[in-house]
Amino acid sequence: MKLTYFFISLTLLGTTTVYLDPNADNNLDVLAFQQFKKTFNKQYQSQVEESYRFSVFLENLKIIQQHNADVTKTYTQEVNQFCDLTIEEFKARHLVKPFPSLKNKKNSALNLRTSVTATTSQPIDWSTKNVLPAVKNQQQCGSMWAFSTAGLLESVYNIQNKPKTPISFSEQQLVDCCGAEGFGCEGCNGAWPTDAVSYVQKFGIVQENQYPYIAKDGNCNKTLENVGFKPSKQFQLPVTDAALQAALQNSPISIVVDASQWNSYASGVFPQSKCSSDPNAADHAVLLVGYNSDGTWKVRNSWGTSWGQKGYITLAAGNTCGLENYAIQVTY
Ligand SMILES: *[C@@H]1O[C@H](CO)[C@@H](O)[C@H](O)[C@H]1NC(C)=O
């Protein structure tokens, strides 16, 4: 294969970066990058930017190929929308760390762990029960907490009311209003689902189409407060597999996790060794929707359907990525 890349070494952010010309040759790497740009509708500001993104893409492609060639891995990786980002860029743009401090919290819902008693727990998957709208995409805004919260409320509302098409709730209302009303939420800079639930208990949440998502901070539209759905109680679950499995019989669960290595996840079981279960490692919020007979968890993300298993990830059994540390539910 003829290589006609031209290399310009520049020092950027203290590291030596190799710039490559994505238009230089019709070799396999170039074709892969062209396919990537087309698939994920990527547009770059300049030739320099495009060259840099191409070099990052190739680095990630190599990591993905090496990972998938290793038969000892429990999960596969793939090229997705994050493949032109370094791991640092991925974390900065799509995760939040640290989450806004728990210190100034207005409510005490966290640490009031309610034990759940269920005589029998059996594997369950709420994603197939017509209680959740299609998987959503938070885009480049640290609003994962709003998606986790909306997902929890949607499922509880839809389980109760059984509409033909599942109701979808407004993340933008939470992004704009939860902080403005003094619940400690910080919009696109992150928040805790428990604070968002406390906001909704007081001010309600309207439907998605009434207060559409714009993926950036906006002013709270107070005319839409006190007209939507208000859940009655919220509670935190004990940090055990058994408690979460029992609680899942009732509804999905809002969870907070370390997702710092989830960027290229494609399928299979994501292992404990690739993330931290330390409560301080939390950088993402998602929705636990079920578990399998082998104890692995099914989790719904808010990165669109092109990511993972149609928007979902399977996590190893146990407190993988800290999923049990801040698990909350509500009652209708
Ligand atoms: C707030 O919501 C109301 C009711 O949907 C709407 O009529 C109004 O235009 C909204 N205000 C703003 C500033 O978007």
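**Notebook: buried sites, cores and the ligand**

I started at F229, which counts as buried at 9% relative accessibility. Buried means under 20% relative accessible area, exposed over 50%, and partly exposed in between (1.4 Å probe, protein chains only).

I noted the ground rules next. This is a predicted model, where local features need pLDDT of at least 70, side-chain atom pairs count only at pLDDT 80 or more, and totals for chains, interfaces and linings use all residues. Residues are numbered from 1 along each chain as its sequence is written, and side-chain values use heavy atoms, with hydrogens and water left out.

**F229**

I placed F229 in the loop between α6 (193-203) and β5 (233-236). Helices (H or I, at least four residues) and strands (E, at least two) are DSSP runs, numbered from the N terminus. I then listed the contacts of F229, leaving out residues up to four places away in sequence: L153, Y157, F169, V200, G204, I205 and Y332. Contact means heavy atoms within 4.5 Å. F229 and V200 are 29 residues apart in sequence, yet 7.7 Å apart in space, C-alpha to C-alpha.

**Whole chain**

I looked up the overall make-up. The chain has seven helices and eleven strands. Of its 332 residues, 55% are buried. Among contacts between residues at least 6 apart in sequence, 75% join residues at least 24 apart.

**Cores**

Which residues touch the most other members of the largest nonpolar core? I found W145 and W262, in a core of 74 residues. A nonpolar core is a set of buried Ala, Val, Leu, Ile, Met, Phe, Trp, Tyr and Cys residues joined through side-chain atoms within 4.5 Å. Helix α4 (residues 144-161) gives this core its largest share, seven residues. A second, separate core holds eleven residues, including V30, Y44, L58 and I64.

Beyond four places in sequence, its contacts include F270, H284, W303, W307 and C321.

C321 is buried, with a relative accessible area of 3%. I found C321 in the loop between β10 (312-315) and β11 (328-331). Its phi is positive, about 60°, although C321 is not a glycine. N41 also has a positive phi, near 50°, and is a residue other than glycine. N41 sits in the loop between α1 (28-39) and α2. At 58% relative accessibility, N41 counts as exposed.

**Helix α3**

I checked α3 (residues 87-94) and found E89, F90 and H94 buried. They cover an arc of only 100° around the axis, so they lie on the same side of α3. The arc is that of the directions from the helix axis to the C-beta atoms. The face turned away from the buried side carries the exposed residues E88 and A92. The buried residues of α3 pack against α2 (47-69), α4 and β8 (284-291).

**E171**

E171 is in helix α5 (residues 171-177). I read E171 as buried, with a relative accessible area of 1%. Its contacts, beyond four places in sequence, are K136, A146, F147, A150, E154, E208 and Y213.

**Ligand**

Which residues are around the ligand? I found N221, T223 and L224, taking a residue as near if one of its heavy atoms lies within 4 Å. A polar side-chain atom of N221 lies 2.4 Å from a ligand oxygen atom. For T223, a polar side-chain atom lies 3.1 Å from an oxygen atom of the ligand.

Definitions and conventions. Polar contact = N/O pair within 3.5 Å; in protein donor to acceptor, adjacent residues only side chain to side chain.
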